[in-house]
Amino acid sequence: MSEAKPISAAEQRRRSKFLVVVDDTAEVRVAVRYATRRARNLRCGVVMLRVIEPVDFQQWAGVAEMMRSEAHEAAEDLLQKLAEQVNQESGLMPELVIREGVAKDELLKLVDEDPDIRMLVLAAAPGKGSEGPGPLVSALAGQMAGDLKFPITVIPGALTDEQIDRLT
């Protein structure tokens, strides 16, 4: 397979983007790899969004601020590690976004703010049985799918790298 030549940061900003919501689940790796491979092949950009759920410690403001700071640091570390992986595999440098709030709400706000986002890539958790694929996948691919202005790709979270590569 021939290597795609790297896309400059300026060129990426002018192109369509794949959005991946990054969380602490194992299947996020699958969503990132799929989005990265598709973006490389289509000469698009990748945006990785990490949403930090708010903590409610009103009477313990110092504790809440420390937890918030630690959550931001962990989010930055995770996004940087994934960005390095994306760059090594594809030559792309993804946009990294950290937001605080409810994941679904922050995702919708980001999409409204960035008209270049043309597709959302999510990975469904494998082996959850009756628990379903996860709350974000359920909400966006189910109840809200008809209201969105772009397609959603839901990738099975148990795919191997080789299976992802064959799909892209």
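**Close-up views of a predicted model**

At 21% relative accessibility, Arg 43 counts as partly exposed (buried is under 20% relative accessible area, exposed over 50%, partly exposed in between, with a 1.4 Å probe and protein chains only). This is a predicted model, in which local features need pLDDT of at least 70 and side-chain atom pairs pLDDT 80 or more, while totals for chains, interfaces and linings use all residues. Residues are numbered from 1 along each chain as its sequence is written, and side-chain values use heavy atoms, without hydrogens and water.

**View 1. Arg 43 in the loop between α2 and β2.** Arg 43 is not a glycine, yet has a positive phi of about 60 degrees. Most residues other than glycine have a negative phi. Helices (H or I, at least four residues) and strands (E, at least two) are DSSP runs, numbered from the N terminus.

**View 2. The largest nonpolar core, with 24 residues.** Such a core is a set of buried Ala, Val, Leu, Ile, Met, Phe, Trp, Tyr and Cys residues joined through side-chain atoms within 4.5 Å. Phe 18, Val 32, Met 48 and Val 121 have the most contacts inside this core. At least two residues of the core come from each of β1 (17-22), α2 (28-42), β2 (45-52), α3 (61-90) and β4 (117-124). The largest share, 7 residues, is supplied by α2.

**View 3. Buried and exposed residues of helix α4 (residues 103-113).** Ala 103, Glu 106, Leu 107, Leu 110 and Val 111 are the buried residues of α4. Seen down the axis of α4, they fall within an arc of 140 degrees, so they line one face of the helix (the arc is that of the directions from the helix axis to the C-beta atoms). Asp 112 and Glu 113, on the other side of α4, are exposed.

**View 4. The salt bridge between Lys 17 and Asp 114.** A salt bridge is a side-chain nitrogen of Lys or Arg within 4 Å of a carboxyl oxygen of Asp or Glu. Here the N to O distance is 2.7 Å. Lys 17 lies in strand β1 and Asp 114 in the loop between α4 and β4, so the pair ties together parts 97 residues apart in sequence. Lys 17 is buried, at 5% relative accessible area, and Asp 114 is buried at 13%.

**View 5. A network of salt bridges linking Arg 29, Arg 33, Arg 37, Glu 89, Asp 161 and Asp 165.** Asp 161 meets Arg 29 at 2.6 Å, N to O.
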